[in-house]
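User: I'd like to go through this structure feature by feature. Could you start with the pockets, then move on to cavities, strands and helices?

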Amino acid sequence: MIVNLDKCLHCGGCVGSCPTNAIFLNDFVLEFSSKCNRCGRCVKICPVHALTMEGKQ
Amino acid sequence: MKTYNCDVVVVGAGPGGSMAAKFCAKGGLNTIMIEKKAEIGAPLRCAEGVSKKWLEEVGIEPDPTWICADMVGAVIRSPSGYEFKLDESHAGSEVGYVLERHLFDKALARDAVAAGAKIMMRTSCTDVIKEGGKLVGVKCRSMGEEIVIRAKAIVAADGYESQVGRWAGIETKLEMNDIDSCIQYRMVNADIDPEYCEFNIGAKIAPGGYLWIFPKGNGVANVGIGVMAKFCKDSEPKKYLDKFIETDPRFKNSQAVEVAAGMVSTCPGLDCAVDDNIILVGDAARIIDPITGGGICHACRTGMYAGLVLTECAKKGDFSKEALMPYEKMWRDRMEDKLYRNWMAKERLAELDDETIDELVKLISGSDIKEVNVYNLLKVVKEKFPKVVEGFEDLI
C-alpha cells in the first residue's frame, strides 16, 4: 500500500475500518502488516484519497 | 524490558478513557492511562457538538473553559433548500453546546489525575499480552522505548481504531453501511448564524450522511461532512464538502484554518463489549448514535460504567467476563433501544431519494416539535411516512 504523506491527515479511519486489522497508526506513520489482503477498502473510504494500492494507480 | 504493574490499564485518553480512569482511581484501583499522541484532545477528530442533558448524568459540571458556544436552535435543510428551524419560540429548546475538545478532553484527564490515575503520554499500545490464554497486560511503545504494562484488567478506549479489542479477540469489524467517512474544516470569517447548528441532508449534499455547520462564535464554525462508506471511492467526503463551501454564499469571504478527518461507526454497538479481563468503551465499542454520529456522551457514560464495574470486580478479585457482565447490562439498559432505533432509521434514511427528503423536511417544518431530537423527528415521520419506519415502529 502506498501512503501519500502529503494527503494523509493521520485520522486513523483506515485503521478502524480494516477488516483484517492490518494497519497501525503511530502518530503520523501508517504501517501495513502482512495481514493486509489487498481488499482495497481503505483506498476507497479514505476521506482525502491518501492511499493507493501498489500495482494499481 | 521496563515493566509497570497496575490494577487497570486504560488505552486512550479521550473522554471514554478519562472517565474510566477517573472512576477506577476513585474506586481505589491503581490505574494507568496511556495516550499515544503528544497532546490529549488534539489533533481534532470531531465536530464538537453535544447535547446538554447527559453531562449531569455522568457528573460533569459545565465549564466555560471548554464550552465554546451555546446553541439556541437547530436547522435541518433539505436538498432543495426546505428548512426546518427550531427557534427560541419553542419552549425549552436546549439544543446543546459546541465544545473546545482539546480543552474538554484535558479537563476530563485532569479529573482522572485528581482521582489518582497516572497518565503516560506518547505511549501507544502495540499488542495485548496473553499468558496461558489469559490477558495480563499490554505491550507499548513509550517515548520510543518498548515497555510492558501488566494489569488485572484492560479498558480499551482506543476510539474508532478499536484495535485493542481485536488483539484480545473481540471482533470490532464494521460493515460498509456502518461506516461514515468524514472531513471537516474550521472556517473563519463565515457569515453564519452564531446560535444555530445546521444539518444539511440529501444524496446530492452528503450521500448516506449529512453536512454540518457548528458555530464556534466570532464567525468561526466547524463545517464538516460524513459520507456513508459505501458511497466512497475517491475522496468523496472532501469533494462534496468543497463543493458545498464553494457554492454557499455564507463562505464567500471565508477560509479554512484547520482540517480534520476521521470516521464514525453507525452500527448499534458491539454484540458484546466485554471479555475476560477486558472492557471496550465508547467508539472502541462502536457505541455511537448511528444517526447523529455523536459519541462523546456515550463514551463518557460507558467509561463511567466501566470504572464502577471494575471497582466492584476488584473487591472480589474477579475480572472474568462473567464478573464484567454488569457493564454490558448497564450500557444496554441505558442506550441499546435508542441505538438500535437510530440504526434502523439511518438505514432507511440512506435509501430515500432527495425528493422524499424534501417532502420529509417540509412535513417536519409544519409540525409542532418542542425539542429537536431524533426521537421527536421520527415520531412525526412515523405519523406521516409510516413506510420509512416499518419494522421498528415499536421503538418510536
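Analyst: Let's start with the second largest pocket: 18 residues line it, and those nearest its centre are Glu171(B), Lys173(B), Gly269(B), Leu270(B) and Asp271(B). On a 1 Å grid over the protein atoms alone, a pocket is an open set of points with protein on both sides within 12 Å along at least five of seven lines, a cavity is a set where a 1.4 Å probe fits but cannot get out, and lining residues have an atom within 4 Å of a point. Keep in mind that this is a predicted model, where local features need pLDDT of at least 70 and side-chain atom pairs count only at pLDDT 80 or more, while totals for chains, interfaces and linings use all residues. Residues are numbered from 1 along each chain as its sequence is written, chains are lettered from A and ligands numbered from 1 in the order in which they are written, and side-chain values use heavy atoms, with hydrogens and water left out.

User: How much space lies in the second largest pocket, and which classes of residue make up its lining?

Analyst: About 310 Å³, where a volume is the space filled by probe spheres set on the grid points, joined across faces, edges and corners. The lining has 7 nonpolar, 3 polar and 8 charged residues; Ala, Val, Leu, Ile, Met, Phe, Trp, Tyr, Cys and Pro count as nonpolar, Asp, Glu, Lys and Arg as charged, and the others, Gly among them, as polar.

User: How many cavities of 30 Å³ or more are there?

Analyst: Rolling a probe the size of a water molecule over the atoms shows where empty space is left. Here the count is 2 cavities of 30 Å³ or more. The largest cavity holds about 110 Å³, and of its 14 lining residues Cys8(A), Leu9(A), Cys11(A), Cys14(A) and Cys46(A) lie nearest the centre. That lining divides into 11 nonpolar, 3 polar and no charged residues. The second largest cavity has about 80 Å³; its lining has 15 residues, with Cys18(A), Pro19(A), Ile23(A), Cys39(A) and Cys42(A) closest to the centre.

User: On to strands: in what order do the 7 strands of the open sheet run?

Analyst: In a regular strand the side chains alternate between the two faces of the sheet. The order in chain B is β6-β5-β13-β14-β15-β12-β16, with mixed pairing. Strands (E, at least two residues) and helices (H or I, at least four) are DSSP runs, numbered from the N terminus, and two strands pair if DSSP finds at least two bridges between them. At the edges sit β6 (83–86) and β16 (255–265) of chain B, each pairing on one side only. Inside the sheet, β12 (179–188) and β15 (220–228) of chain B pair in the antiparallel sense over 8 bridges, and Met187(B) has Ala221(B) as its bridge partner.

User: And how do α8(B) and α9(B) pack?

Analyst: Two packed helices are described by the angle between their axes and the distance between the axes. Helix α8 (354–365) and helix α9 (374–384) of chain B pack at about 110°, with axes 10 Å apart. Axes are lines fitted to C-alpha atoms, for helices over the stretch in contact, and angles run from 0 to 180 degrees between N-to-C directions. α8(B) and α9(B) are therefore roughly perpendicular, a label for 65 to 115 degrees (under 35 is roughly parallel, over 145 roughly antiparallel, the rest oblique). Leu360(B), Leu363(B) and Ile364(B) of α8(B) meet Leu377(B), Val380(B), Val381(B) and Lys384(B) of α9(B), contact meaning heavy atoms within 4.5 Å.
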